[in-house]
Amino acid sequence: MAETPEPDDLLSLEDQIAAYQREFQGLDPQVEQVVSALSRLTRRMNVAYGRQSATLGISNAEWEVLKALVLSGAPYRLGPGDLAKRLGLTPAAMTHRIDRMVNEGLVTRERDADNRVRVIVELTSDGREKWMEAMRQATVFEADLLQDLSSEERGALGEMLSRVLRRVEEDQPDAEGRLTDLG
């Protein structure tokens, strides 16, 4: 009977890298340690944020819309097309998401008074309060996550990760959210 392989994150990071090196001799273990650790960290952080959002009665997808509206600045209004583009969604997917959020009282959707063809999605006070509470919870989680790093280490890590992110963004400027070229 063949052994069922274990998912990557059931192996220790060191065991995973050793297995990769065994199978692919051209592997740089330092690069693989960074990339694998970031991948695992991202997955686990997304799960934690999802749990926090669920306690507030919102999904990660709804959190993303709330965040986009807050980042747009007061009065926290955007058109559905702008939201879809910022989130890497199709217009149909964005419409579905907005429909749910209107029903939940997180956003409003109204015709633009200056241009009756244009629709405006606006953050409600309830939506802003959900965003604020999510931020409060995230702040506690993130401080706990980085508690073992000194202020200098956090600063250095932040700068290094920002440099890596800039490289990816320069090399793949169209990869903001949708992965249409992978499908």
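The model is predicted. Its protein chain contains 7 helices and 3 strands, and from the N terminus on the order of elements is α-α-α-β-α-α-β-β-α-α. Of the 183 residues in the protein chain, 24% count as buried. Among contacts between residues at least 6 apart in sequence, 48% join residues at least 24 apart.

Which residues of H2 are buried? They are Glu 32, Ser 36, Arg 40, Met 45, Ala 48, Gln 52 and Ser 53. Helix H2 covers residues 29-55, which is 27 residues. At 1.5 Å a residue the helix should span 39 Å, and its end C-alpha atoms are 39 Å apart, so the two values agree.

Both ends of H2 have a local feature to look at. At the start, a side-chain oxygen of Asp 28 comes to within 2.9 Å of the backbone nitrogen of Gln 30. After the helix comes Gly 57, with a positive phi near 80°.

Helix H3 also packs against helix H5 (residues 91-103), at an angle of about 90° and with the axes 11 Å apart. The two helices, H3 and H5, are therefore roughly perpendicular to each other. In this contact, Ala 61, Glu 62, Glu 64, Val 65 and Leu 66 of H3 meet Met 94, Arg 97, Arg 100 and Met 101 of H5. By type, the residues of the contact are 5 nonpolar, no polar and 4 charged.

Key. Residues numbered from 1 in each chain as written. Predicted model: local features only at pLDDT ≥ 70, side-chain atom pairs only at ≥ 80, totals over all residues. Heavy atoms only, no water. Helix = DSSP H or I, 4+ residues; strand = E, 2+ residues; numbered from the N terminus. Expected span 1.5 Å × (residues − 1). Buried < 20%, exposed > 50% of the residue type's maximum accessible area, 1.4 Å probe, protein only. Polar contact = N/O pair within 3.5 Å; in protein donor to acceptor, adjacent residues only side chain to side chain. Axes fitted to C-alpha atoms, helices over the stretch in contact; angles between N-to-C directions. Parallel < 35°, antiparallel > 145°, perpendicular 65-115°, else oblique. Contact = heavy atoms within 4.5 Å. Nonpolar A, V, L, I, M, F, W, Y, C, P; charged D, E, K, R; others polar.
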